[in-house]
Amino acid sequence: MKFVHKIVLFLALLFIGSSNLYAYSYAAAGKELTIDSKEAIMKAINADDFDTAKKVFIKYEKNYKYLNDTFISKLHTSLENAIENKDKKQIVKSLELSLAAEVQRRISGGLENIKTFNVAKVMLAKANKFYELLAVSLDDNTNKKLKSAIKACMLSIGNPGLFGVGAKPANKEEYIKNQKIIVDIIQSL
């Protein structure tokens, strides 16, 4: 009988351990087209190789059109024209805007999934990842406001707790309030 208890205890600990790993895993990260294309375009323009920059842009054009049509209008045209005109400064600005569009995209995804904690948490982790890449190009005031609003969204999704202990419900109104701050900042860039 003790052997059965040990097996049950072992399986319970295994289940608890694996559920914690799943709850805090960001394994669904995958490829990020905007980051991959930004790095490739930056590498090309730093070598004054605008033909390669144009090829990279064309390869990822569908992604830029999506970001343009859904989040930041004129992003696609601005980047395309900047590469065509070999305008490094405008290329960098357009690539930064693509990161901002990704922040907005993931924040929207967090709201769409606010009732599914793990999905919302991954969306916000990705938003934060794009924010961290974007932050170096922002002035201090804008950076602080954006960082604060993203953090507030993270807190707004609540927390299911461990087996319900320490659970905190999501606060959709607070999330929407901070999402508006984020969108206003991004649209002003």
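This is a predicted model: local features need pLDDT of at least 70, side-chain atom pairs count only at pLDDT 80 or more; totals for chains, interfaces and linings use all residues.
**Entry: charged pairs**

Residues are numbered from 1 along each chain as its sequence is written, and side-chain values use heavy atoms, with hydrogens and water left out.

E102 and R106 are four residues apart in α6, which means that about one helical turn separates them; helices (H or I, at least four residues) and strands (E, at least two) are taken as DSSP runs and numbered from the N terminus. I looked up their accessibility with a 1.4 Å probe on protein chains only, where buried means under 20% relative accessible area, exposed over 50% and partly exposed in between. E102 is buried at 1%, and R106 is buried at 8%.

I then counted eight salt bridges by this rule. One of them pairs K126 with E32, with the closest N and O atoms 3.9 Å apart; because K126 sits in α7 and E32 in the loop between α1 (2-23) and α2, this pair ties together parts that are 94 residues apart in sequence. Both ends are buried, K126 with a relative accessible area of 12% and E32 with 6%.

For D184 and K180 I read a salt bridge of 2.9 Å, N to O, and both residues lie in helix α9, four residues apart, about one turn of the helix. Here D184 is partly exposed at 41%, whereas K180 is exposed at 52%. Elsewhere, salt bridges with shared partners join E32, E102, R105, R106 and K126 into one network.

**Entry: E61**

Which side chain of opposite charge is nearest to the buried E61? It is K65, at 4.2 Å, and E61 has no salt bridge; in this search Lys and Arg count as positive and Asp and Glu as negative, while His and the chain ends are not counted. E61 belongs to helix α4, and its side chain makes a polar contact of 2.9 Å with that of H76. By polar contact I mean a pair of N or O atoms within 3.5 Å, of which, within protein, one must be able to donate a hydrogen and the other to accept it, with residues adjacent in sequence counting only if both atoms are side-chain atoms. Setting aside neighbours within four places in sequence, I find E61 in contact (heavy atoms within 4.5 Å) with H76 and E80.

**Entry: fold and core**

I find nine helices and zero strands, and 38% of the 189 residues count as buried. Among contacts between residues at least 6 apart in sequence, 65% join residues at least 24 apart.

The largest nonpolar core holds 45 residues, and I41, I91 and I182 have the most contacts inside it; such a core is a set of buried Ala, Val, Leu, Ile, Met, Phe, Trp, Tyr and Cys residues joined through side-chain atoms within 4.5 Å. Nine of its residues, the largest share, come from α6. Not counting residues up to four places away in sequence, I91 touches I41, I45, F50, L79, A82 and I83.

I also checked L99 in α6, which is buried with a relative accessible area of 0%. Leaving aside neighbours within four places, L99 is in contact with T34, K38, F130, L133 and L134; the C-alpha atoms of L99 and A127, 28 residues apart along the chain, are 9.3 Å apart.

**Entry: rings and backbone**

How many aromatic pairs are there? I count two, where rings of Phe, Tyr and Trp (its six-membered ring) pair if their centres lie within 6.5 Å, planes under 30 degrees apart being stacked, over 60 edge-to-face and the rest tilted. F57 and Y64 are stacked, at 5.7 Å centre to centre and 25° between the planes, and both are buried. Y66 and F71 have ring centres 5.9 Å apart and planes at 80°, so this pair is edge-to-face; Y66 is partly exposed at 37%, whereas F71 is buried at 11%.

Most residues other than glycine have a negative phi. I noted a positive phi near 75° at K74, in the loop between α4 and α5, and a positive phi near 55° at K86, in the loop between α5 and α6. K74 is exposed at 65%, and K86 is exposed at 54%.

Definitions and conventions: A salt bridge is a side-chain nitrogen of Lys or Arg within 4 Å of a carboxyl oxygen of Asp or Glu.
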